[in-house]
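These are my notebook entries on one protein model. I set down what I looked up, one topic at a time.

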Amino acid sequence: MAEERAETAPATAATTAPETTTAPPAATTSPGEGELQPPQHWTEQPLNDDDDDDGDNDSALGDDAASSTASISSSILEYRTINGRTYHSDRGSNQYWGANDDLQNETLDIQHHVFTLSQNDKLYLAPLPENMKRVADIGTGTGIWAIDFGDMHPDTEVIGTDLSPIQPSWVPPNVQFQIDDFTQEWTFAEGSLDYVHMRWLIGCVTDWNALFQQAYKALKPGGWIESFECNGFFESDDGTVTDKTATAQWGIFFREGSRKLGSTASFSVVRDKLQRKALEEVGFEKIEEEPIKIPISGWAKDPRKRQVGQFSRAAIENDIEGAVGFMATQLGWTKEEITVYSAHLRKELRAGKVHAYYRANVVWAQKPLN
């Protein structure tokens, strides 16, 4: 297993082990295992700006191009509307919890930059061959990964699939998008793909074995699969993420909302090591993985980690309401209560005193040649 990339300060290199900066307060619960505070916990707290001095943060985030969206067909624009935001239709077996409107799509594009930075500017880590005929990006979102990959490999056909037609119409000639539900039977012919890429499927997969089995079937012998996943909760190495912080509450929305919906999709994919387990059981070989810690604000001392944290904060702050809104609504929260919680989380992120991060894990493996 590759050495985990540390995200905590101070760090001198990408692989330096985290160093505790302050004595942690008394432990309460394990990360992601606390109790959800009621809405009144947030509405009764003042939202002053005394602590919002940006602490260790830096607002110089650079410019991100606005995401471009286009309709593929009006017949498939069937969305749920909650608190004025659109979400994927509840038809079929899809489990996706995030909004799918322009604001959330901007967040996905910023998140793509976060993930690429966290991989040292690489789109993938699998040892892919030079000549690939066909590649699939499952759960492509805005299609930005597929477009970047298509630009890098102009002779490779790249197909991105997603539940919503939110991808741009102006794309490289070797890139196309299809509306599909990856939890259903895949439409790719058996043994037709050289590489299957998946990313950010957290909270959407109820059966990782079944998902990877579909990929196994679609891959050619010797083809590669790569999965980039994250935990849906934040933690810290110095005890600054405590149970009642807005930062800690983030992950509990997803855990409790998922339970309320009766979903078995995991928001602790990395913690539970679901990727490697499923790949092994399906029959993939040469399994490698790269664990990563992604800070959610600019508190890290290492310049690279600080930059990752700055963009990660931008992604979260851009649309907290669209990220937690669906699950919070299932739990009985009003739009106004969600807005107040979101303001408290933004306040914590900007203050830079909570040294939070989330764990990600990149796993790649090969289908046997025989």
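**Entry 1: Helix 7 and its surroundings.** I began with helix 7 and looked up what its buried residues touch. They pack against helix 2 (102-118), helix 5 (246-261), strand 8 (285-295), helix 8, helix 9 and strand 9 (357-366). I note here that the model is a predicted one. Which residues of helix 7 are buried? They are K305, V308, G309, Q310, F311, S312, R313, A314, A315, I316 and E317. I then looked up the span of the helix, which covers residues 303-318 and has 16 residues. From its first C-alpha to its last, helix 7 reaches 22 Å, close to the 22 Å expected at 1.5 Å a residue.

**Entry 2: The chain as a whole.** I stepped back to the totals. The protein chain holds 9 helices and 9 strands. Of its 370 residues, 55% are buried. I also looked up how far apart in sequence the contacting residues are. Taking contacts between residues at least 6 apart in sequence, I found that 77% join residues at least 24 apart. The accessible surface of the chain is about 15800 Å², and carbon and sulfur atoms account for 49% of this surface.

Entry 3: Seven strands form an open sheet in the order 5-4-3-6-7-9-8, and their pairing is mixed. Which are the edge strands? Strand 5 (175-179) and strand 8 are the edge strands, since each pairs on one side only. From one strand to the next, the twist averages 15 degrees.

I reminded myself of the general rule: strands of a sheet pair through backbone hydrogen bonds, either parallel or antiparallel. I then looked for an example of each kind. Strand 3 and strand 4 show the parallel sense, paired over 5 bridges. In this pairing I found A136, whose bridge partner in strand 4 is I159. Strand 7 (residues 219-230) and strand 9 show the antiparallel sense, paired over 7 bridges. Here C230 stands opposite A360 in strand 9.

I returned to strand 4 to ask how many of its residues are buried. The count is 5 of 6, so strand 4 is largely enclosed by the rest of the structure.

Entry 4: I looked up which strands helix 3 (residues 144-152) lies across. They are strand 3 (134-138), strand 4 (157-162), strand 5 and strand 6 (193-199), and helix 3 runs at about 155 degrees to strand 5. Helix 6 (residues 274-282) also packs on the sheet, where it touches strand 7, strand 8 and strand 9. The direction of helix 6 makes about 170 degrees with that of strand 8.

I then examined helix 6 residue by residue. Q275, A278, L279 and V282 are buried. Why do they lie on the same side of helix 6? They cover an arc of only 100 degrees around the axis, which puts them on that same side. I recalled the general rule here: an α-helix has 3.6 residues a turn, so residues three or four places apart point the same way. The buried residues of helix 6 pack against helix 4 (208-218) as well as strand 7, strand 8 and strand 9. After helix 6 comes G283, with a positive phi near 120 degrees.

Entry 5: I looked up two exceptions. D121 is not a glycine, yet its phi is positive, at about 70 degrees. D121 is placed in the loop between helix 2 and strand 3. K286 is not a glycine either, and its phi is positive, at about 50 degrees. K286 is placed in strand 8. Is K286 buried or exposed? Its relative accessible area is 56%, so K286 is exposed.

Entry 6: T116 lies in helix 2. With a relative accessible area of 13%, T116 is buried, the cut-off being under 20%.

Finally I looked up T334. Its place is in the loop between helix 8 (320-330) and helix 9 (335-351). T334 has a relative accessible area of 34% and is therefore partly exposed. I also compared its position with that of P39. T334 and P39 are 295 residues apart in sequence, while in space they are 8.8 Å apart, C-alpha to C-alpha.

Conventions. Residues are numbered from 1 along each chain as its sequence is written. This is a predicted model: local features need pLDDT of at least 70, side-chain atom pairs count only at pLDDT 80 or more; totals for chains, interfaces and linings use all residues. Side-chain values use heavy atoms; hydrogens and water are left out. Helices (H or I, at least four residues) and strands (E, at least two) are DSSP runs, numbered from the N terminus. Buried means under 20% relative accessible area, exposed over 50%, partly exposed in between (1.4 Å probe, protein chains only). Contact means heavy atoms within 4.5 Å. Accessible areas come from the Shrake-Rupley method with a 1.4 Å probe; for residues, only the protein chains shown count as cover. The expected span of a helix is 1.5 Å times one less than its number of residues. Two strands pair if DSSP finds at least two bridges between them. Axes are lines fitted to C-alpha atoms, for helices over the stretch in contact, and angles run from 0 to 180 degrees between N-to-C directions. The arc is that of the directions from the helix axis to the C-beta atoms.
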